[in-house]
Amino acid sequence: MSKRVCHIVDDDPEVADSTAFLLRTEGFETTTHASGEAFLRSLPNLDHGCILLDVRMPGINGLDLQRHLHDQGSSMPVIIITGHGDVETAVRALKNGALDFLQKPFSREDLLAALDSAWQQPRHTPVRSEEVELACARIERLTKREQQVLLGLVKGQPNKVIAYDLGLSPRTVELYRANAMRKLEVRSLPEMLHLAFLADLGNGSEAA
């Protein structure tokens, strides 16, 4: 893509306008859409670009819109943004093909890093066997307990629920989660979940 384009879908005009202004100062071309329906009406005339998609909106919410785009074979990368982020929402978004997940208020640095990563993605990215093998190899670095904690995250469970199911304290779960991120060489929950999905954790590959 010769130009960097970002389509912002958010029903909060202050957030949409301020984000668009920030991105324009960084060289992006931007469009703003106050609802999922408005975005879909404009979609046939939009340039290919990254979609910055709010979750909670009236009418078609962000996850439903993302799933619709995914089912229609859209090649535009999606970054989910929300003021009400939780693990379950992140899991649903990533399973539907989102590249990243940002919780409001997100920093300028985190937003630009997510967009830069999205911009480097080819328009069509079929999963290669080498990617699956690498993900499985990284998962195998984890101890049984770390895999159990990761499996809980894959299921969309918060730390407190994982702690209860495993008979641990929430603080201990946080430590296992941090250790798992370090061993997997990831910096965020979305990155860790992407690896888990590639390795098909939860469908026979988790620790017994």
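Reader: At roughly what angle do the axes of helix α7 and helix α9 cross, and within what distance do they come?

Author: This is a predicted model, in which local features need pLDDT of at least 70 and side-chain atom pairs count only at pLDDT 80 or more, while totals for chains, interfaces and linings use all residues. Residues are numbered from 1 along each chain as its sequence is written, and side-chain values use heavy atoms, with hydrogens and water left out. Helices (H or I, at least four residues) and strands (E, at least two) are DSSP runs numbered from the N terminus, and axes are lines fitted to C-alpha atoms, for helices over the stretch in contact, with angles from 0 to 180 degrees between N-to-C directions. Here the axes of α7 (residues 144-154) and α9 (residues 170-184) come within 9 Å and cross at roughly 95°.

Reader: Which residues of α7 and α9 make the contact?

Author: With contact meaning heavy atoms within 4.5 Å, α7 contributes R145, E146, V149, L150 and L153, and α9 contributes V173, Y176, R177, N179, A180, K183 and L184.

Reader: How many salt bridges does the structure hold?

Author: A salt bridge is a side-chain nitrogen of Lys or Arg within 4 Å of a carboxyl oxygen of Asp or Glu, and the structure holds 13 of them. In one, the side chains of E26 and R108 meet at 2.6 Å, N to O, linking distant parts of the chain, since E26 lies in the loop between α1 (13-25) and β2 (29-33) and R108 in helix α5 (residues 108-119), 82 residues apart.

Reader: What separates E174 and R171 in helix α9?

Author: E174 and R171 are three residues apart in α9, which means a separation of about one helical turn, and their side chains meet in a salt bridge (3.3 Å, N to O). E174 counts as partly exposed at 37% relative accessibility, while R171 counts as exposed at 53%.

Key. Buried means under 20% relative accessible area, exposed over 50%, partly exposed in between (1.4 Å probe, protein chains only).
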